[in-house]
Amino acid sequence: MRKNLKIDSDRLWQSIMDMAEIGPGIAGGCNRQTLTDEDAQGRALFKSWCDDAGLTMGVDKMGTMFMTRAGTDPDALPVYVGSHLDTQPTGGKYDGVLGVLAALELVRTLNDAEIKTKHPIVVTNWANEEGARFSPPMLASGVFAGVNTLDYAYGRQDLEGNTYGDELKRIDWVGEEEVGARKMHAYFEYHIEQGPVLEAEKKEIGVVTHCQGLWWLEFTLTGKEAHTGSTPMAMRTNAGLAMARIFEMVEEVTMAAQPNAVGGVGQVTFSPNSRNVLPGTVVFTVDIRTVDQVKLDGMRDAIKEKAAHICAGLGVGCSVEQVGHFDPVTFDAGLVEKVRNAAVELGYSHMDLVSGAGHDACWAAKVAPATMIMCPCVDGLSHNEAEDISQEWATAGADVMLHAVLETAEIVE
């Protein structure tokens, strides 16, 4: 490894700041949701930078962008490096964006140093990773990995009823490539941690060994709308009360599954949502995650069984739909070791880490060797306009990725 080879820290940081000007949020972050006009503008800027770096573009039918730096061996499979440029409605500047632009900076660095690799390197911007506008998250990489069909993805609707397929056409980013037709030698993804562990442990690099699996369980509780002031307590069919008891139960089930399990509720809809009316319908989503498959499925089963018991005792109807799922992921041991070795060789403090969030790397790992690298974020805050990292953190992870990718893509002397 060429220990003196480092990315241009200032150039990377400036690229991140320039991208953040597209779809600025209202509190210092970004709102560049999938297939909006802002997404199209971000794509165009990214493409212009890739053009300047001599990359050739391919786009698949989901709108994922693949920007290729040629290798010396025409038969060698490419090393893919990337993440996503789309954001949450109130997202930060770094979630996803860091991984895409650090991958571009990797190529720029190789160009500056006139380094050739046997394997091509493909900088990747996966479409609709966030799932904020079109659920589920990681939609394009899911189609790429064969988890979802193209028709399913095209039919996904936003809150206004717009479909993914129609909006992809509207912003003129429908590619010609069949989704999943590309073959990978390896896949690397660099991301902010989105959690507090690295900062708390004072580590610069997270060597990601696993990604938690998850279940999203959408509950629909059906009670009886009634006046809160004139309906006696003993005569209520209170879906709101059932919801509250289920919330407490989810906490108990999750705590009983420790260590390394999390669970909670982040979205609730009351109907009719009036101050003086007991809700007739409550809809909410339980999110449970752990790296242990048996534990994950056990938590799901326990929550569904206990929720049914709670609702039956209150006379409240209860239906459950499984609206999101992926199994725990174990990343490729060889690539993980390359990341760890790069951190050691470059002198960066590091630790093994399990990702608590889902990423495109989770689906890429179904079709190729894959791994992730993480850097700290301030207070573990993400999916928030106050999300923050330091330039030094961004640079450390990009340097580690550069060297791990170079070892994988094989330098040609």
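Predicted model: local features only at pLDDT ≥ 70, side-chain atom pairs only at ≥ 80, totals over all residues.
K47 is found in helix α2, which covers residues 37-52. Most residues other than glycine have a negative phi, and most peptide bonds are trans. The backbone entries below are set against that background.

**K47 and its surroundings**
- K47 is partly exposed, at a relative accessible area of 26%.
- Beyond its neighbours within four places in sequence, K47 is in contact with M57, M65, M67 and W173.
- Between K47 and L381 there are 29 Å from C-alpha to C-alpha, and the two are 334 residues apart in sequence.

**Cis peptide bonds**
- S135 and P136 are joined by a cis peptide bond, with omega at about 5 degrees.
- P136 belongs to the loop between β5 (121-125) and α4 (139-144).
- Another cis peptide bond links Q258 to P259, where omega is about 5 degrees.
- P259 sits in the loop between α8 (239-256) and β10 (261-271).

- N128 is not a glycine, yet its phi is positive, at about 50 degrees.
- The loop between β5 and α4 holds N128, and this residue is buried, with a relative accessible area of 1%.
- D172, also a residue other than glycine, has a positive phi near 65 degrees.
- D172 lies in the loop between α6 (164-170) and β6 (186-192).
- D172 counts as exposed because its relative accessibility is 66%, and the cut-off for exposed is over 50%.

Definitions and conventions: Residues numbered from 1 in each chain as written. Heavy atoms only, no water. Helix = DSSP H or I, 4+ residues; strand = E, 2+ residues; numbered from the N terminus. Buried < 20%, exposed > 50% of the residue type's maximum accessible area, 1.4 Å probe, protein only. Contact = heavy atoms within 4.5 Å.
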